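Have the sequence and the structure open while you read.

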Amino acid sequence: FFDWNDAWVDRDDSDGQPKTGYSSDGIHFTPLGGYFVGKALAGFLAGIIPDPYPRVFSPDDLYDATDNPLGNFLTNPFLIGTSGALSDATGEMADGMRLERSAGTSTAVASKEAAEKGGSKQVITITPAGSDSEFRFRTSSANTSHAHGGGWMQASCKVDVEGAGDALNYITLSIDDQASNGVECQGMWEHDDSGLLPWNFGEDWSGTIITPPAQLMADSTDVRWRVTMGVNGASSSTPVVKFSEVELRAVEDPRTALNYSAPATS
């Protein structure tokens, strides 16, 4: 039994209200509250279930319509090389990837770091400045072509964040179907209705961002994989964000787990 209230109750408050900044209304989590409740839950589960098998484990686990239809559509999952693209940023970017500033005046420097198991981490050091800013870490070609129309896709990437302080407003991974009426599916959405952002957790953190499975339109031929980082331009912190083990792959229809079948069509 895990009671998530244990992770956010202020024991110095006679009514047991959430700790300062953990909730905007006493009921729902802010990013700060969600982070520490999630961290407590992960620690609880670590004593019950084994660690998951890595989602990205080999550079040759790539999509092939015949031999590996559930393989990775991203052709450089371990972010090797330095021939990637940069726009309003400087440094070294992994082959087939791109870093661009899409809004604001903050600056970013890209560099490479060896990953623990081999391959590389793409390191991005951000210096906030001026207005709130936004950076995108994405594939060099905006679109990734596929032959999986009507099917389902899911994306993931590992991320390590150091020294962020109050400099990061969000880190969002998304799949954006480029077909007409296609959906955009997001992991760790940047939505803010609390007024309590940025994501200032008071410590460095690591994890894997995973999108929910997204169903593509029947006529879909291209999707966009990207991570969007929102930057608080007024911050004096210099966050370092490290990405690794990037993934975009077809997945089985998740509704089958609920014994759901689509209605017959004529």
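## Thr 172 and its strand

The side chain of Thr 172 reaches the backbone oxygen of Met 188, at 2.7 Å. That counts as a polar contact, meaning a pair of N or O atoms within 3.5 Å; within protein, one must be able to donate a hydrogen and the other to accept it, and residues adjacent in sequence count only if both atoms are side-chain atoms. Thr 172 sits in strand β9, and at 2% relative accessibility it's buried. Buried here means under 20% relative accessible area, exposed means over 50%, and partly exposed is in between (1.4 Å probe, protein chains only). Helices (H or I, at least four residues) and strands (E, at least two) are DSSP runs, numbered from the N terminus.

Before going on, a word on ground rules: this is a predicted model, so local features need pLDDT of at least 70 and side-chain atom pairs count only at pLDDT 80 or more, while totals for chains, interfaces and linings use all residues. Residues are numbered from 1 along each chain as its sequence is written, and side-chain values use heavy atoms, with hydrogens and water left out.

## Ser 174 and the residues around it

Strand β9 covers residues 168-177 and also holds Ser 174. Ser 174 is buried, with a relative accessible area of 2%. Its side chain makes a polar contact of 3.5 Å with the side chain of Glu 184.

Which residues does Ser 174 contact, leaving aside its neighbours within four places in sequence? They are Glu 184, Cys 185, Gln 186, Thr 211, Arg 224, Trp 225 and Arg 226, with contact meaning heavy atoms within 4.5 Å.

How many disulfides turn up in a search of the whole structure? The count is 0, taking a disulfide as a pair of cysteine sulfur atoms within 2.5 Å. For Cys 157, the closest cysteine sulfur belongs to Cys 185 and lies 13 Å away, which is too far for a bond. Seen from the other end, Cys 185 is in no disulfide either, and its nearest cysteine sulfur is that of Cys 157.

Are these two cysteines buried or exposed? Cys 157 is buried at 0% relative accessibility, and Cys 185 is buried with a relative accessible area of 11%.

## Salt bridges

The salt bridge count comes to 15, where a salt bridge is a side-chain nitrogen of Lys or Arg within 4 Å of a carboxyl oxygen of Asp or Glu. One of them pairs Lys 39 with Glu 203 at 2.7 Å, N to O. Lys 39 is in helix α1 and Glu 203 is in the loop between β10 (184-187) and β11 (205-210), so this pair ties together parts that are 164 residues apart in sequence. Lys 39 is partly exposed at 44% relative accessibility, and Glu 203 is partly exposed at 30%.

Arg 138 and Glu 100 also meet in a salt bridge, at 3.2 Å, N to O. Arg 138 belongs to strand β6 (residues 133-139) and Glu 100 to strand β3 (residues 93-103), so the link is between parts 38 residues apart in sequence. Arg 138 is buried at 8% relative accessibility, and Glu 100 is buried at 10%. Then there's Lys 242 with Glu 162, at 3.1 Å, N to O. Strand β14 (residues 240-251) supplies Lys 242 and strand β8 (residues 152-162) supplies Glu 162, so parts that are 80 residues apart in sequence are tied together. Lys 242 is buried at 9% relative accessibility, whereas Glu 162 is partly exposed at 32%. Arg 55, Asp 61, Glu 247 and Arg 249 are linked in a network of salt bridges.

## Out on the surface

Leu 41, Phe 44, Leu 45, Ile 48 and Ile 49 make up a nonpolar surface patch, with about 410 Å² of accessible area together. Patches are made of residues with over 30% relative accessible area and no salt bridge; like charges are joined within 9 Å, and nonpolar side chains (Val, Leu, Ile, Met, Phe, Trp, Tyr) within 5 Å. Accessible areas come from the Shrake-Rupley method with a 1.4 Å probe, and for residues only the protein chains shown count as cover. Phe 44 is found in helix α1 (residues 31-46) and is partly exposed, at 31% relative accessibility.

Ala 114 lies in strand β4 (residues 107-114) and is exposed, at 63% relative accessibility. Its C-alpha atom is separated by 9.9 Å from that of Leu 79, 35 residues apart along the chain.
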